[in-house]
Amino acid sequence: MGGLAVRQMRESDLERACEVTRRTVEWLGEREGWRPEQMAHLVADQASPESMGWVLRRHEPFVATVDGVLVGMASAQRCELARLYVDPSHHRRGIGTALFGAVEEGLRGAGCVEMAVKSPPTSVPFYQTMGMVEQGRQPWGADFMSGHQLVLMAKRLAGGGGRRRSDE
Ligand SMILES: CC(C)(COP(=O)(O)OP(=O)(O)OC[C@H]1O[C@@H](n2cnc3c(N)ncnc32)[C@H](O)[C@@H]1OP(=O)(O)O)[C@@H](O)C(=O)NCCC(=O)NCCS
């Protein structure tokens, strides 16, 4: 796709990254059947400047741009992919694949033998296309998300010894 680039997030990306994340969380919430108060909690949790700033400082997230405009982001914590969000107006154009690839490469470089993700059910087909396999399901974990589940998925990155998410 013309104009697609993936790079590290910068301080100047924060506002737009929050905007894209908010729109994507709202898109996802409609599909997952989240109640309005659950959606509001998750928007505050994932798309506030404070939480995005924290991710920027701690986890060196990636952003995807199309013709210089930020349209998606992805982060990783230990050997686990997190906060992969692509603006709904740009879905199915290979942007999620590019962000997933950048995180995967980073995790391989960090010595992870396995890449994990906790996915909302809606996004499972995407992760399956990326080579991830369902390992099980668990409740969301946060009290305010009661009634919803996350799908635990993993992809083997390398043989032999190395890091797993559960090592730390
Ligand atoms: C999951 C997500 C990141 C995918 O981003 P994307 O840029 O649309 O993904 P891509 O275009 O790279 O998709 C690659 C392939 O994955 C599969 N895929 C992607 N979205 C799919 C969907 N909704 N249903 C079925 N298959 C899907 C397809 O095989 C697709 O290839 P194709 O378009 O040629 O058929 C995006 O839908 C998103 O932001 N979802 C909401 C946020 C979310 O759930 N994030 C994960 C939380 S950890």
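Contact here means C-beta atoms, placed from the backbone, within 7 Å. Sorted by type, the residues of this H1–H2 contact are six nonpolar, three polar and two charged. Ala, Val, Leu, Ile, Met, Phe, Trp, Tyr, Cys and Pro count as nonpolar, Asp, Glu, Lys and Arg as charged, and the others, Gly among them, as polar.

A word on what you're looking at: this is a predicted model, where local features need pLDDT of at least 70 and side-chain atom pairs count only at pLDDT 80 or more, while totals for chains, interfaces and linings use all residues. Residues are numbered from 1 along each chain as its sequence is written. Helices (H or I, at least four residues) and strands (E, at least two) are DSSP runs, numbered from the N terminus.

Now show all of H1 (residues 14-32) and H2 (residues 36-47); their axes come within 9 Å and cross at roughly 150°. Axes are lines fitted to C-alpha atoms, for helices over the stretch in contact, with angles from 0 to 180 degrees between N-to-C directions. H1 and H2 are therefore roughly antiparallel, a label for angles over 145 degrees.

Keep H1 and bring up H3 (residues 49-59), where the axes come within 10 Å and cross at roughly 115°. So this pair is roughly perpendicular, the class for 65 to 115 degrees. To see the contact, pick Leu14, Ala17 and Cys18 of H1 with Pro49, Met52, Gly53 and Leu56 of H3. That set divides into six nonpolar, one polar and no charged.

Next stop, the ligand. Among the 20 residues around it, His91, Gly96, Thr97, Ser123 and Pro125 come nearest; "around" means a C-beta atom, placed from the backbone, within 6 Å. H1, E4 (80-86), H4 (95-109), E5 (114-119) and H5 (124-129) each give two or more residues to this shell. By type, the shell holds nine nonpolar, nine polar and two charged residues.

Finish on the strands. E5 pairs with E7 (residues 149-156) in the antiparallel sense over six bridges; pairing takes at least two DSSP bridges. Select Glu114 and you'll find Arg156 of E7 opposite. E6 (residues 133-139) also runs antiparallel to E7, joined by six bridges, and there Pro139 stands opposite Gln149.

Terms used. Angles under 35 degrees count as roughly parallel, over 145 as roughly antiparallel, 65 to 115 as roughly perpendicular and the rest as oblique. Two residues are in contact if their C-beta atoms, placed from the backbone, lie within 7 Å.
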